[in-house]
Amino acid sequence: MIASRVSPHRRRNAIIINGFAWLVLIALALPAVWIILTAFRSNAEINASPPVWIPREITLEAFGNMFGLNPNLQQRVAVEAYMFNSLFVALTSTVISVAAGTLAGYAFSRFHFRFHTAAFLALMLSRTVPGVALSLPLFLLFTRLGLTNNLFGLSFVYIAVNIPFAIWLMDGFFRQIPRDLTEAAYIDGCGYWSAFRRVDLPLALPGLATAAIFAFLASWNEFQIVSVLARNNASKTFPPGLFTFTEQFTIDWRGMCAMSVLMMIPAIIFVILTQRNLVRGLTFGAIKG
Amino acid sequence: MSTQASTQLKANQESNRNWQIGSRWFPFFLLLPSFVFIIIVTGFPLLYSLYVSFTPYELLKPNSLTFELPKALNNYSRLLNDSVFWKSLGNTVLFLTVTVNLEYFLALGLSQLLAQVTRGQAIMRTMLMIPMMFAPILVGFQFRWFFNSNLGLVNNALVSLGLIGEQTRIAWLVDEPLGMISIIIATIWMNLPVMTIILLAGTLSLPQETYEAADVDGASAWQKFRFITLPLLAPFTYIALTIRSLDVARAFDIVRIMTDGGPARRTELIWTYAGRLAIEDTKFGLGSAMSWITVIISVAFTIYLFRQLVKSRIVE
């Protein structure tokens with residue numbers, strides 16, 4: 001629309017705006033690019049003084065060290081275990097929390113019942129409880145139940161942590177589906193359950209995907225609770241693993257960057273997959289007002 | 001729902017009653033799994049920690065988990081007389097006020113800028129999402145390294161540019177206001193993309209006719225922003241700030257990694273202090289009291305934010 005009314009003045013403005021936008025975005029992306037770049041550089045360059053800004057060689061050494069391919073390295077981190085634990089916990093908690101959140105989101109969006117608002121508010125407030133405040137009582141309880149250092153125990157916690165946001169998203173998505181469709185299903189003889197399963201649920205699949213991605217990343221990235229509940233390598237996920245890594249040795253910044261890159265992979269996939277849908281997913285509630 | 005549809009619906013409910021799983025109870029049946037999980041993992045532990053907060057429980061003294069009415073509030077009164085508690089509370093209020101406001105204004109500015117961009121908007125949006133790939137703990141490590149006084153990117157750049165000398169490297173994470181500023185920068189970097197993306201989506205979805213009408217009336221760019229964009233963006237602001245307010249405590253990860261509240265408590269926030277008392281010092285009673293204070297503050301902050309939003313919506 002702006003381009004259709006080209007005047008020299010406007011064109012100059014557009015160039016300034018585009019240039020300025022690029023400048024801001026590059027500044028924002030730079031720290032991330034630096035981390036990723038460092039993972040592929042040689043150690044000598046990273047610790048050099050004066051600093052070497054532009055890498056002269058690209059190497060996979062840091063990743064080799066991490067997976068134990070360097071025979072000179074005595075100690076290393078249990079990356080495989082962290083990866084397996086992270087995947088296990090994130091996947092199980094995602095499936096169950098999204099399933100539970102979808103049901104509850106449907107209840108909030110389609111039905112009027114007593115304590116509707118109060119229940120919704122209580123769920124949202126349960127999400128604002130900081131992880132620090134949860135980790136201690138959970139630790140005390142789990143010690144009694146023998147659930148510390150246990151992946152199932154951790155998954156169980158993450159399910160509850162992820163449910164409120166899943167409900168919030170799914171509530172928004174179900175509100176977008178015209179009510180008439182559900183009512184038509186009732187008229188055609190569907191019960192509540194089959195109307196949900198045959199009409200509303202298939203239409204809310206994009207919402208389900210958004211909720212799943214958020215739940216997965218939240219579990220994958222969580223640090224406060226797992227660092228208290230998981231004390232050994234057999235049950236630690238990536239974030240406490242990375243923390244152990246930096247505590248164990250004098251900080252190996254390149255190793256840290258390499259581990260960060262590994263930990264970012266699911267998030268990178270998510271960013272690529274959801275570029276468009278993410279925004280739609282998050283703003284669904286707003287469009288209807 | 002129109003009344004006609006609802007009567008129709010009711011008639012159908014009647015006829016279907018025989019085989020529906022207790023139609024009146026259907027929503028509760030849907031809510032059940034969620035509530036079971038949340039009550040077990042959030043409700044019950046919170047109540048338990050409320051109980052523990054009234055006892056002098058410490059890990060190394062197993063018999064100390066005893067409730068005595070006259071001593072019940074000891075932990076709380078101890079915290080209220082604790083200068084570190086007040087320092088951490090002050091830091092938290094300062095931190096939240098500065099980050100949330102700055103994030104909002106920066107995101108608003110950036111979204112307006114990007115909405116004007118004529119070429120390459122899609123690739124710009126992808127670039128904007130890059131910080132979202134970083135977990136809070138990664139953001140913490142990243143900026144701890146950048147602000148490291150000897151090896152950090154920031155000091156290296158300043159030295160290379162000749163702005164500071166080798167001998168006068170800045171101790172970013174140590175000096176009094178700088179530690180807090182470093183943490184605020186890291187937090188804003190992490191949260192800016194989501195807010196910007198939501199506000200940008202909102203801006204792009206606004207009806208063009210309104211702007212065309214404003215052009216006809218000779219409105220200035222500022223007037224269009226102030227009287228059209230800003231009020232119409234309200235629901236998107238609401239969503240951006242809701243998501244943000246649900247994540248305030250994520251600052252714990254960043255602070256824990258970057259400075260761990262130090263040095264000398266300069267960057268101590270209520271969350272790091274609660275973690276220190278409860279987990280590191282194993283003073284479970286005192287730590288639980290502190291945890292409960294963080295819960296109350298987090299909930300109060302969320303409610304405050306919601307109220308502000310509701311108020312701003314009414315004014316507009």
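User: How many residues of domain 1 of chain A are in contact with domain 2 of chain A?
Analyst: 11 residues of domain 1 are in contact with 9 residues of domain 2 in chain A; contact requires C-beta atoms, placed from the backbone, within 7 Å. This is a predicted model, where local features need pLDDT of at least 70, side-chain atom pairs count only at pLDDT 80 or more, and totals for chains, interfaces and linings use all residues. Residues are numbered from 1 along each chain as its sequence is written, with chains lettered from A and ligands numbered from 1 in the order in which they are written.
User: Which helices supply the domain 1 side?
Analyst: In chain A, helix 1 (8–39), helix 2 (43–46) and helix 3 (61–66) each supply at least two residues of the side touching domain 2. Helices here are DSSP runs (H or I, at least four residues), numbered from the N terminus.
User: And where are the domain bounds?
Analyst: Domain 1 of chain A is 3–66 and domain 2 is 79–288, from an automatic or database domain assignment. Their C-alpha centres lie 32 Å apart.
User: Switching to helix 6 of chain A and helix 13 of chain B: what is the angle between them?
Analyst: About 15°, with the axes 9 Å apart; axes are lines fitted to C-alpha atoms over the stretch in contact, and angles run from 0 to 180 degrees between N-to-C directions. Helix 6 of chain A and helix 13 of chain B are therefore roughly parallel (angles under 35 degrees).
User: Which residues make that contact?
Analyst: A:Val132, A:Ala133 and A:Leu136 from helix 6 of chain A, and B:Trp271, B:Ala274, B:Gly275, B:Ala278 and B:Ile279 from helix 13 of chain B.

Technical notes: Two residues are in contact if their C-beta atoms, placed from the backbone, lie within 7 Å. Angles under 35 degrees count as roughly parallel, over 145 as roughly antiparallel, 65 to 115 as roughly perpendicular and the rest as oblique.
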